[in-house]
Amino acid sequence: LGTKGAFSTLAAPSLVHDETGRTWVAATTREGKVLVGTKRKKGWALHPVAMAAPTSSPALATSTRGRLNVFTIDAAGTLTSRELKPNRRWTKPRRIGTARSWATHTAPVTARDGEGRAWVVAVARDGIARAQRATRGGWSRMMPLKGLRSALTATPSLTLAEDGRLHLHQV
């Protein structure tokens, strides 16, 4: 996928299936460009959508409206999201939380809860993980999560329990 050596060796790609079952991928290049795309007849079609710290992986999620969202943390520590509109164009970046306040050696993570709502969690520079969930109108405000502070170089993870609750795992 892509030119050999083009992608950051410090950031993992993100995969998600949209409401039609199509697979989407997002990956960060060595220069910090976030490329997002899906497979076409002649292979993968990747397009630059955002910028990220070369040490921060992008995260993909679908909203409750079924629209693809990409979340990124740029080199300055600003967390943003963009949404793919029905006309196949991306919205302008939407800043999440305070600019320059997110850890650049971690990545935002996404998951769906037992009710099918998408969540995104990111670690701030103060080590506090914060979360927001998809709503009918877009996304909720970021909420700080209780518990221990996260390491500023460790990306958290989310798992879905049998009872439908999401569990946060962090170092």
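The largest nonpolar core of this predicted model has 14 residues, and those with the most contacts inside it are Phe71, Leu79, Ile96, Trp102, Ala122, Trp139 and Met142. A nonpolar core is here a set of buried Ala, Val, Leu, Ile, Met, Phe, Trp, Tyr and Cys residues joined through side-chain atoms within 4.5 Å, where buried means under 20% relative accessible area, exposed over 50% and partly exposed in between, with a 1.4 Å probe and protein chains only. Two or more residues of this core come from each of strand E5 (59–62), strand E6 (68–73) and strand E10 (118–123), and E10 gives the largest share, three residues. Strands (E, at least two residues) and helices (H or I, at least four) are DSSP runs numbered from the N terminus.

A second, separate core of 13 residues includes Val36, Ala52, Leu68 and Val70.

The model is a prediction in which local features need pLDDT of at least 70 and side-chain atom pairs count only at pLDDT 80 or more, while totals for chains, interfaces and linings use all residues. Residues are numbered from 1 along each chain as its sequence is written, and side-chain values use heavy atoms, with hydrogens and water left out.

One aromatic pair is counted, under the rule that rings of Phe, Tyr and Trp (its six-membered ring) pair if their centres lie within 6.5 Å, with planes under 30 degrees apart stacked, over 60 edge-to-face and the rest tilted. Phenylalanine 71 and tryptophan 139 form this edge-to-face pair, at 5.2 Å centre to centre and 90 degrees between the planes. The pair links distant parts of the chain, with phenylalanine 71 in strand E6 and tryptophan 139 in strand E12 (residues 138–139), 68 residues apart. Phenylalanine 71 is buried, with a relative accessible area of 0%, and tryptophan 139 is also buried, at 14%.

A pocket, on a 1 Å grid over the protein atoms alone, is an open set of points where a 1.4 Å probe fits, with protein on both sides within 12 Å along at least five of seven lines, and lining residues have an atom within 4 Å of a point.

| Pocket | Volume | Lining residues nearest the centre |
|---|---|---|
| Largest | about 290 Å³ | Ser14, Ala59, Pro108, Val109 and Thr110 |

Strand E1 (14–17), E5 and strand E9 (109–112) each supply at least two residues of the lining of the largest pocket. For the second largest pocket, the largest share of the lining, three residues, comes from E15.

Alanine 107 sits in the loop between strand E8 (94–96) and E9 and is buried, with a relative accessible area of 4%. Its contacts, not counting residues up to four places away in sequence, are Ser56, Ser57, Val121, Thr155 and Pro156.

Arginine 100, in the loop between E8 and E9, has a positive phi of about 60 degrees although it is not a glycine, and is exposed, with a relative accessible area of 58%.

Definitions and conventions
Grid points are joined across faces, edges and corners, and a volume is the space filled by probe spheres set on the points. Contact means heavy atoms within 4.5 Å.
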